[in-house]
Every structure is written in C-alpha cells, then in structure tokens.
Amino acid sequence: MASAQPSQTSQGVTKHLSGANASFKDKGKPMELRLSNMVAAKAISDAVRTSLGPRGMDKMIQTAKGEVIVTNDGATILKSIQALHPAAKMLVDLSAAQDVEAGDGTTSVVVLAGSLLGAAEKMLEKGIHPTIVAESFNRASAKAVEYLTEMSTPVDLNDTASLLRAASTSLNSKIVSQYSSTLAPIAVAAVMRLVTPTSSNVDLKDIRIVKRVGGTIEDTELIEGVVLNQNVVVSAGGPTRMEKAKIALIQFQLSAPKPDMDNTVVINDYRLMDKVLKEGRQYILNLCKKIKKTGCNVLLIQKSILRDAVDELALNYLKRLNILVVKDIERDEIDFLTKSLGCKPVSDIEAFTEDKLGYADLVDETTEHDIKVVRITGVKNRGRTVSILATGANQLVVDECERSLHDALCVVRCLVKKRALIGGGGAPEIHVSRLLSQYAQSLKGMEAYCFQAYADALEVIPTTLAENAGLNPIAIVTELRNRHALGERNAGINVRKGLISNILEEDVVQPLLVTTSAVELATETVCLLLKIDDYVQAR
C-alpha cells in the first residue's frame, strides 16, 4: 500500500518521492511477468552468445529426423531450438527477421537484445516506469543509428576490393573460414551479375546453390550457365551430351494414362491383351513424335505425384529419337529454370510448339571428383540468374558451405541496398556507446539513466568477442575505451593477435545495414517485451 509514511525496501529505508520522479511501484503480477519474460529471453541469448565472432564455438544440433547439423550461424541454431516460452520465441523470430533484413548478424542481434533486457531490468528495479524505459530506448536506438551512419564510409559497387573485404569478414566467423579466399569472390561475382546500375536490391532467389558431396570446398565454383540438381536419365541408354540444344520443360507425363478411380478390367482373350498393349505403345510413341517434331532435343520433365512422369517405354522411344532426358524437376525449380533458360513450361502436348523452347550451345553431364553434374552452357536469351555448385567432403560440410555462402551473398546484397561500410571487431559499438554516454549527460531525469544503461548494454558485443577469443574481457574493453577516448574511432579487437588495432587496416569490415538493422530490431523487441504486463492463454 502506498502511504505518506516512509516505506521499508530491500535497500534500506527510502522516502517516497512525489511528482514526475516518484518511483514506479507496480502491482506484483506484472513485475513478475516481466522478469519471467526477461529470464526466458536472456536464456536464449546466452545459448548463442558463445558462437559470436571468428573465435566463437560451434553447436551440434540433432534434428527430429536424427540428422546432425554442425554450425555457428545464429539463425540456424535458433531455428532448431524448441522454445516453449512466448518471450523466448520472440527472440527466435528476431533472429529470423535479421536474417531476412540483412542476412548476417543473426547472432549479434540476439546477444544485443539479451544485453538490453538486462539493462531494462536494472532500470525497472530502480523504479522507473516500463513505458519511460521503452521510449528512452527507442530514442537511444535512433541516436545510435545516426552515430553509426556518421562513422560509416561510402562504398562504390565497382570497388570489388571493398566488397571482397566485407564478404571475407562474414565468412571468417564461419566453420569454413579457411576457405574464405575461395568463397568470397564467388559471392561477390554472383551478386554483381544480378545488379543493374539502378537496382537498390537483389533477389537471392535468382542465385541457386546446387549442393554435391564430393571433392573439397575449394572445388566450389560459379557456373557460366545453369547447373541442374538432377542427373541425366541413362537407364535406356540415351545421350548424355547434346550440342546446339533446344530445351523443353514439360509438366505433363510421358506414360500410359490412368483413370482417376481404381478400375479392374478383365481380359479373357490374349489378342485383346495385345491390342491394349499396342494402344499404350502407340499413345506414347505419338507423344514422343510430337515432341521431336518441334526440333526439341533436350527434355526436362517435372516430377509427378499421381503417376510415373516417364516410363521405360517412353525413355526407349526418346533414346531412338536422340533426345536427352532429365526427370524429376521439382515444382519450385520451374520459375528459376524458365527464367534462366528462356523457355516456357508446357503443361499439355497440344500446346507444345517451337516458340516454347529454350536454346543453348551445350548440355553436358560431366564427372569431376566423383560428382556427376548436368551443365547447360551458352544459353541464348539468358535471364539474370546465377548458379553456384557447392561441393564438400561430406553432407555436413556441404550444408555449412551453403549456409556460409548464403551469409556472404547477403552481405554483398546489403551493400547494394545501403552502400556504406563500417568496421567490425566491436569498434562501432564502443564508439556509439561513448557518444551515447556523453549525450546522456546533457539529458535530465529518468531519460539520462536509460540512455546511460543503453550505452553500457552496447558493450556486450566487444566483451563477448574478447571472451570467446580467450582474452581478458575487462582489460580488452577498458583498453578499447581508452583508445576511443584518445580519438581512434576505428580501434577494435584484433581477435587473431589478441590485441587492439585499427580494424579498417586489418580489413575487418561489415555493411552498415547489418549493424543498424541489428540495433533497431533488438531495441524494438526489447521495447515490446517491456510493454507486456499480462499473459493470457487463449482457449
């Protein structure tokens, strides 16, 4: 009960203040709920904290199907965590949002959110109202983005060296970091092929990564043309190489038709049996002849669920007509292939005409390092798409290679969206933290406290980087602050050497968008959690 009498608190005897600075004493339940939310969210943040940075640890995840994933990519780890608490789920969604917006920094954003929640908790303990904390954090976040933009250096998309440095920095924190010299140029070249002088974004669906087990990561390459996920059908002895290819993509089946219902036909006479088989053969032969008539010599067949997309008889006829066949094209690949090859999907034999075909110089199935791959090169009227062939010694490595390439591609895409770079290694966080602390001293009342707490929370990134590298976090962060106070605003943690150095000279750079979106998204999530004061389970 609030009364005019001084109230006894755990810190000792305090007097109640009145007016604007009266301490916020909440009813029991909302405070407990906020703390419960914060504990759950911080548990998620602590789970991924150890995997931040180039010296971060990896997590081994066993999926429900029994598959094993080894990764240190924040988004992948959190996607696999079975979060039951609603607040914990919000942090998983936060990581997914950062993955969509920037593609990189998925671990940083969750670690930052955990640290901001810790800061908010201290503010609530001081008796500051959650709404004031949330509003102050939002203002501090806008200020932080302003400071980050101020310290960034503009980048020109024709400056390949800067793009390579950004892609390499992203890859350096991955398991496949020793191959960054192979993967970074591939990522940069892939995105640059899709960029037009006026484009402000790149659709990563136009970059297809085909995974194959065999060889090493160094054999990963950017393909001039298109690579297929499927292999050529050779069971009937058809061709595996076709020059001056005319490619058709069909969505109907080359097999005997079946009725929709299960029907039983009783045939008593073997002559009738022959007639039925003959009709079936004639039907398939007519289909194959119509396909050949258009001049088509490479046939891509969509996967069918209801009946076989192509049967042995059809394959035999196609072999005689010298047509190369690739079957089981997935439905979600159709858009990419039609865009890449300049052909149109055909859903009915009657609509099969020559104008639906795509043209290429060569379709060839090659074997290198025990990997069989179908390559389509010299495509005429090729759309703006790119294929990358990712290889590795086993499935775990190939999957991680694909995830790392995705992050590197996203980093280059960020630079297309917002053409500016900033340093890594904890330099921007310490710089912003210092400026916010100075700004906080010019404010009055509760807001000054909240800004100071926000500034301190940002230091979690350099602290974690130092911890994960086995350095003394207190000594490193103190030295870092000192260097920044002396005016070295690009001083950051050089994890490899274990000391403070100019991060830009070490080529540790990242897109501005990665850091600004991490700060904005983490702050939004924390403010959302602060404003929740009750939890109702719907029936």
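1. A contact here means heavy atoms within 4.5 Å. Among contacts in the chain between residues at least 6 apart in sequence, 77% join residues at least 24 apart.

2. This is a predicted model, in which local features need pLDDT of at least 70 and side-chain atom pairs count only at pLDDT 80 or more, while totals for chains, interfaces and linings use all residues. Residues are numbered from 1 along each chain as its sequence is written, and side-chain values use heavy atoms, with hydrogens and water left out.

3. The chain has 16 helices and 19 strands, taken as DSSP runs numbered from the N terminus (helices H or I, at least four residues; strands E, at least two). Its radius of gyration, over C-alpha atoms, is 30 Å. The C-alpha trace spans about 110 × 60 × 40 Å along its principal axes.

4. Of the 539 residues, 50% count as buried, meaning under 20% relative accessible area (1.4 Å probe, protein chains only).

5. Strands β17 (491-494) and β18 (499-502) run antiparallel and are joined by four bridges; pairing requires that DSSP finds at least two. They form a hairpin with four residues between them, and Gly498 in the turn has a positive phi of about 75 degrees. Asn494 stands opposite Leu499 in β18.

Key: Rg over C-alpha atoms; globule rule 2.2 N^0.38 Å.
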